[in-house]
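Thanks for coming. I will show one structure and go through a few of its local features. Please look at it for a moment first.

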Amino acid sequence: MMEYGYYPGCSLTGSAKRLDQGVRRLCKKLGHSLAEIPDWNCCGALEYGDRNELVSISGENLKKAQGICREIIVPCPACYKNLKDADPERSFNIMSPLELLNPENLSQIEQKRDLKGQVFFPYYGCLLMRPEGNSIKNRNIMEDTISAFGGDVNGENMKDRCCGGNQLFLNKWATERLSTLILGKTKGTVVVFCPFCHMAMKTFATGRKVVYLTDLLLYVMGESNSL
Amino acid sequence: MIKEKDHEIVFKYTCYRREDFSVCVGCKICASVCSVNDLALNVNPQELLLKLFVGEKIEDDHPLVRYCTSCYRCTAACPWQIRIPEVVRAVKESLGMESRFEKAFKKSLDIWGRVYEPFVVAMTALDLLRGGYIKYMPKWMGYAGFHLPHKVKRLKPTNASKGSNPSEEGRS
């Protein structure tokens with residue numbers, strides 16, 4: 001059982017509220033408590049050309065976390081990258097919720113359902129995997145999680161390709177082409193952890209479910225009735 | 001167009017120095033993995049670095065600047081791990097090519113310190129209507145939900161860092 005700082009980021013208060021609720025519920029089930037960084041501000045996402053400006057905006061959140069927590073859970077991959085970039089000295093341990101999962105605690109989860117006979121495409125997208133030094137440590141954690149509960153996985157060579165999510169409101173044809181390229185070479189329920197990827201996949205997937213990994217885990221734990 | 005003399009602003013924004021791009025060996029591995037090339041646009045990120053290094057002008061509406069998805073596949077493949085998406089973003093800002101959506105995003109941050117999505121939607125409503133996004137609304141119902149904006153009390157002024165010239169020091 002651990003106490004972590006928590007940085008939800010802007011999209012998790014709005015369009016990705018589902019991910020926010022999922023992370024909070026999952027942490028509670030794993031016995032962790034989350035303390036939201038007081039008065040947190042936007043990380044700057046991918047919208048700033050001036051690196052110093054971006055680091056300054058993101059870094060303000062770390063100043064607000066000082067003296068409160070050293071380990072901070074950051075679900076949104078863009079926020080995760082920016083907060084890590086703002087902390088080159090690694091004074092804080094910026095973590096994706098995916099880094100809370102490991103074979104040991106997965107085996108301890110009180111399982112109410114399994115995923116046998118179901119096919120999944122674990123899709124990480126870009127910012128959980130790149131740039132190097134900022135990426136999550138276990139690059140197979142979603143596969144490990146799905147397999148641990150009996151689900152079948154596919155799409156290894158597409159799992160870190162780009163869905164074009166950040167072009168959705170700029171050049172949607174580009175997002176459509178990149179997302180459908182990925183969808184066309186994979187099958188089954190798309191499992192994501194990024195709000196951008198969720199929206200891009202959801203927008204362009206036909207006849208396929210798109211869920212957050214938190215949805216999947218809460219389903220397995222019997223916390224929700226359907227995927 | 002970014003003229004040769006204006007390249008310094010790109011270096012300042014990226015915190016790269018001109019000489020940092022001298023290590024680029026022209027292997028074009030960045031082009032071979034670039035997501036923009038999945039759109040059949042035939043871009044070569046290395047060419048942009050070369051223009052900055054030798055001081056050539058960069059034309060408006062460069063397809064890489066318009067379509068870069070910030071996927072960092074180029075950075076992961078680059079022998080020197082050059083963060084090309086950040087160079088592209090700096091060029092985009094220098095060219096003043098930001099869309100209404102990106103401007104609304106920054107405006108929201110200026111007002112509240114956070115991105116308030118209903119505000120961004122309102123500011124870009126015409127673009128969403130004209131751009132044919134309405135047909136996606138049934139799929140996007142799960143993203144809807146109203147909440148009032150939260151005003152952040154302490155946000156460092158966004159121009160506070162602009163006084164320094166990090167390009168003199170380069171990246172750590």
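Which residue forms a salt bridge with B:Asp61? The partner is B:Arg66, and the closest N and O atoms are 2.6 Å apart. A salt bridge here is a side-chain nitrogen of Lys or Arg within 4 Å of a carboxyl oxygen of Asp or Glu.

Before more of these, some ground rules. This is a predicted model, in which local features need pLDDT of at least 70 and side-chain atom pairs count only at pLDDT 80 or more, while totals for chains, interfaces and linings use all residues. Residues are numbered from 1 along each chain as its sequence is written, chains are lettered from A and ligands numbered from 1 in the order in which they are written, and side-chain values use heavy atoms, with hydrogens and water left out.

Back to the pair. B:Asp61 is partly exposed at 44% relative accessible area, and B:Arg66 is partly exposed at 34%. The cut-offs are under 20% for buried, over 50% for exposed, and partly exposed in between, with a 1.4 Å probe and protein chains only.

A second pair is A:Glu156 with A:Lys159, at 3.5 Å between the closest N and O atoms. Here A:Glu156 is exposed, at 54%, whereas A:Lys159 is buried, at 7%. In chain B, Lys106 bridges to B:Glu98 at 2.7 Å between the closest N and O atoms, and B:Lys106 is buried at 13%.

How many salt bridges does the structure hold over all chains? There are 24. Some residues are linked in a network of salt bridges: A:Arg51, A:Lys81, A:Asp85, B:Arg83 and B:Glu86.

Now the strands of chain A. Helices (H or I, at least four residues) and strands (E, at least two) are DSSP runs, numbered from the N terminus. Two strands pair if DSSP finds at least two bridges between them. Strand S1 of chain A, residues 3-6, pairs in the parallel sense with S2(A), residues 33-36, over four bridges. Within that pairing, A:Tyr4 stands opposite A:Leu34. S1(A) also runs parallel to S3(A), residues 71-73, joined by two bridges, with A:Gly5 opposite A:Ile72.

Last, helix H3 of chain B, residues 45-54. Its buried residues include B:Leu48, B:Leu49 and B:Leu52. The buried residues of H3(B) pack against helices H1, H2, H4 and H6 of chain B, where contact means heavy atoms within 4.5 Å. Just after H3(B), B:Gly55 takes a positive phi of about 85 degrees.
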